[in-house]
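Subject: Structure for your attention

Dear colleague,

Please find below the structure that I am handing over to you.

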Amino acid sequence: MRVLPVLLVCLARATCASKVLRPQITTAASAELKQHSRLQLVALPLAAQSPAVPAAINARLIPMLREGFSLRGYREAPQADLRAYYWLELQITPIDITANMAPPAPLGPYQSVQRLQDVNATLHLRLVTGPDRVLWEGQIDTGLSPVWNSDQQLQKACDALLQQLPSSN
């Protein structure tokens, strides 16, 4: 019976995790953006107060961004005229599930505590040219829980955000 509360919480989290992704464009696309097609991906470090992004998540994010930019007509180049700054902000919320039940044998009181984490992320993307002139900027929130589904959720977030980016000529 201890499994039932855990399954119910997991089912509720899975239902909530399938929310509609809504990209937020903080700087609308400049007309100058269509003139640029060569870019350089640059990871920005976060401030010390936010949780550090695991290297595994960052390693999976880079190919997703490269593929998304490629589909929009942008190519990575050493002599890029456009820099694409990206960073992830993580929000980690602990979830404790306590189930107090009598044991099947007379062994005394029993307490089970399941410690889970709810991980959400905000992906930020900023396209800059020259002396830090912002041509486009957007962000999107996504869940990264459960861990076995985080790659798919991150891919959907990348795709949804990059679909808001105008194609290069």
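Predicted model: local features only at pLDDT ≥ 70, side-chain atom pairs only at ≥ 80, totals over all residues.

Residues are numbered from 1 along each chain as its sequence is written, and side-chain values use heavy atoms, with hydrogens and water left out.

The protein chain contains 3 helices and 6 strands, where helices (H or I, at least four residues) and strands (E, at least two) are DSSP runs numbered from the N terminus. Along the sequence, their order is α-β-β-α-β-β-β-β-α. Of its 169 residues, 33% count as buried, that is, under 20% relative accessible area, with a 1.4 Å probe and protein chains only.

Helix H2 has 17 residues and reaches 25 Å from its first C-alpha to its last, close to the 24 Å expected; the expected span is 1.5 Å times one less than the number of residues. Its buried residues are Ile57, Leu61, Met64, Leu65, Gly68 and Phe69. Seen down the axis of H2, these residues fall within an arc of 130°, so they line one face of the helix; the arc is that of the directions from the helix axis to the C-beta atoms. An α-helix has 3.6 residues a turn, so residues three or four places apart point the same way. After H2 comes Gly73, with a positive phi near 95°.

H2 (residues 55–71) packs against H3 at an angle of about 35°, with the axes 10 Å apart. Here the axes are lines fitted to C-alpha atoms over the stretch in contact, and angles run from 0 to 180 degrees between N-to-C directions. Contact means heavy atoms within 4.5 Å. Among the residues making this contact are Leu61 and Leu65 of H2 and Leu154 and Cys158 of H3.

At 1% relative accessibility, Leu61 counts as buried. Leaving aside neighbours within four places in sequence, Leu61 is in contact with Tyr86, Leu88, Leu123, Leu154 and Cys158. Leu61 and Cys158 are 97 residues apart in sequence, yet 8.3 Å apart in space, C-alpha to C-alpha.

Finally, a cis peptide bond, with omega about 0°, joins Ser145 and Pro146. Pro146 is found in the loop between strand E6 (133–143) and helix H3 (150–162).

Yours sincerely

Technical notes
Buried < 20%, exposed > 50% of the residue type's maximum accessible area, 1.4 Å probe, protein only.
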